[in-house]
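Subject: Structure handover

Hello,

Here is the structure I said I would pass on. My notes follow below it.

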Amino acid sequence: MENNGSKLSQDEIDALLKGGSNDDIEPDTLLSAMEQDAIGEIGNISFGSSATALSTLLSQKVEITTPTVTVIQKSKLNEEFPHPYVAIEVNYTEGFSASNLLVIQQTDAAVIADLMMGGDGTNADPSLSEIHLSAVQEAMNQMMGSAATSMSTVFNKKIDISPPRVELLDVKEGEGTDRIPAEEMLVKVSFRLTIGELIDSNIMQLYPITFAKDLIAELTDPAEEEPVQEAPQSALEPQQAAPQAQSAPMQQSAPPKRQAKPKPAEPVNVAPVEFEAFSEPQHTTSQLGNLDMLMDIPLSITVELGRTQRSVKEVLELSAGSIIELDKLAGEPVDILVNKRIVAKGEVVVIDENFGVRVTDILSQSERLSNLK
């Protein structure tokens, strides 16, 4: 039984509908070697960018090798997935209408969750809690988002996904199997996943064979975009041009007029430009009176010792006694801010066991007013 097209043949459909005949189905009967290579190339491109995203997220070297494509039966998933796994369901919301399932071993998911939460991944607890599953979900969200972006480039159209949903998958116990696509024949794309020296395992992608056929058809015979047609010339243009053409002879038939003798140009006095000197604006009495109406409005005054930027991992590693280095030198004036806008600088002092700030430099009145706007 050979399939040369992008859809299942009638013989293949009949073979799938016959009870007991699915046991003898081989991968190349439903997907030819060329189609398997096409699926593998799509996975290789999309998950290649996912490895980069995951490497940045985990601060570890991540490699995802060229995949192996096989066709499996849903009824035999217990043979394909004998251990506890974590299943991540991802639905395409734009570009394609399908869902696929990412499957990783539960121990690998525990390592990824531990790295996401600031650990080193060496003593990861395989019993995943809700917060650990959320960490895995965020990592897979970054991976699949990057993969969708790469697929948009491959298929030359916008492809988007929904936020992934994560559940524990134990096929033997029937846990999490409701996330598996309902079709009997599924395509399994298995990648070798290595994360530093912590993980050397497989990450697998499951989706219906009908979706695989759609991907192949879209790749080999993409829908051609309609060429942009130039706007036709308006029917009014010839009608507008006709009066102009008719008016030309009429103008030529008129007798020429004698041109008036031009008057001599009058001399022009040129003087250099004088710019007004810059100075602080002088407020009138009415302006000061309007300002008096705002004098009793309370403002929030903040003294900023310094600033710094830290990653999520570094923030989670903070503990009692940790030292955070700021972007200011010791003894450098601190910033005094009013409503989050700087108005002056000062130095920190201690007054009766309380901290205070002695103002050493203050902005001009006009600058302070402009900062408060």
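Contact here means that heavy atoms lie within 4.5 Å. Please keep in mind that this is a predicted model.

In helix 6, Met151, Val154 and Phe155 meet Leu215, Glu218 and Leu219 of helix 7. Sorted by class, this contact of helix 6 with helix 7 has 5 nonpolar residues, 1 charged residue and no polar ones. Helix 6 covers residues 130-155, and its axis is 9 Å from that of helix 7, at an angle of about 45 degrees. Angles of 65 to 115 degrees count as roughly perpendicular, those under 35 as roughly parallel and those over 145 as roughly antiparallel, with the rest oblique. Helix 6 and helix 7 are therefore oblique to each other.

Helix 7 also packs with helix 3. Helix 3 spans residues 33-58 and helix 7 spans residues 209-220; their axes come within 10 Å and cross at roughly 85 degrees. These two helices are therefore roughly perpendicular to each other. On the helix 3 side the residues are Glu35, Ala38, Ile39 and Ile42, and they meet Ala212, Lys213, Leu215, Ile216 and Leu219 in helix 7. The class count for the contact of helix 3 with helix 7 is 7 nonpolar, 2 charged and no polar residues. Leu215 and Leu219 are listed in the contact with helix 3, and Leu215 and Leu219 are also listed in the contact with helix 6.

An open sheet is formed by 4 strands in the order 9-10-11-12, with antiparallel pairing. Strand 9 (301-304) and strand 12 (354-362) are its edges, each pairing on one side only. On average, neighbouring strands of this sheet are turned by 40 degrees against each other, direction ignored. Inside the sheet, strand 10 (residues 334-338) runs antiparallel to strand 11 (residues 341-351), and 5 bridges join them.

Finally, the chain as a whole. The protein chain has 11 helices and 12 strands. It has 373 residues, of which 32% count as buried. Its accessible surface comes to about 25,000 Å², and carbon and sulfur atoms account for 52% of that. Of the contacts between residues at least 6 apart in sequence, 60% join residues at least 24 apart.

Regards

Notes:
Residues are numbered from 1 along each chain as its sequence is written. This is a predicted model: local features need pLDDT of at least 70, side-chain atom pairs count only at pLDDT 80 or more; totals for chains, interfaces and linings use all residues. Side-chain values use heavy atoms; hydrogens and water are left out. Buried means under 20% relative accessible area, exposed over 50%, partly exposed in between (1.4 Å probe, protein chains only). Accessible areas come from the Shrake-Rupley method with a 1.4 Å probe; for residues, only the protein chains shown count as cover. Two strands pair if DSSP finds at least two bridges between them. Axes are lines fitted to C-alpha atoms, for helices over the stretch in contact, and angles run from 0 to 180 degrees between N-to-C directions. Ala, Val, Leu, Ile, Met, Phe, Trp, Tyr, Cys and Pro count as nonpolar, Asp, Glu, Lys and Arg as charged, and the others, Gly among them, as polar.
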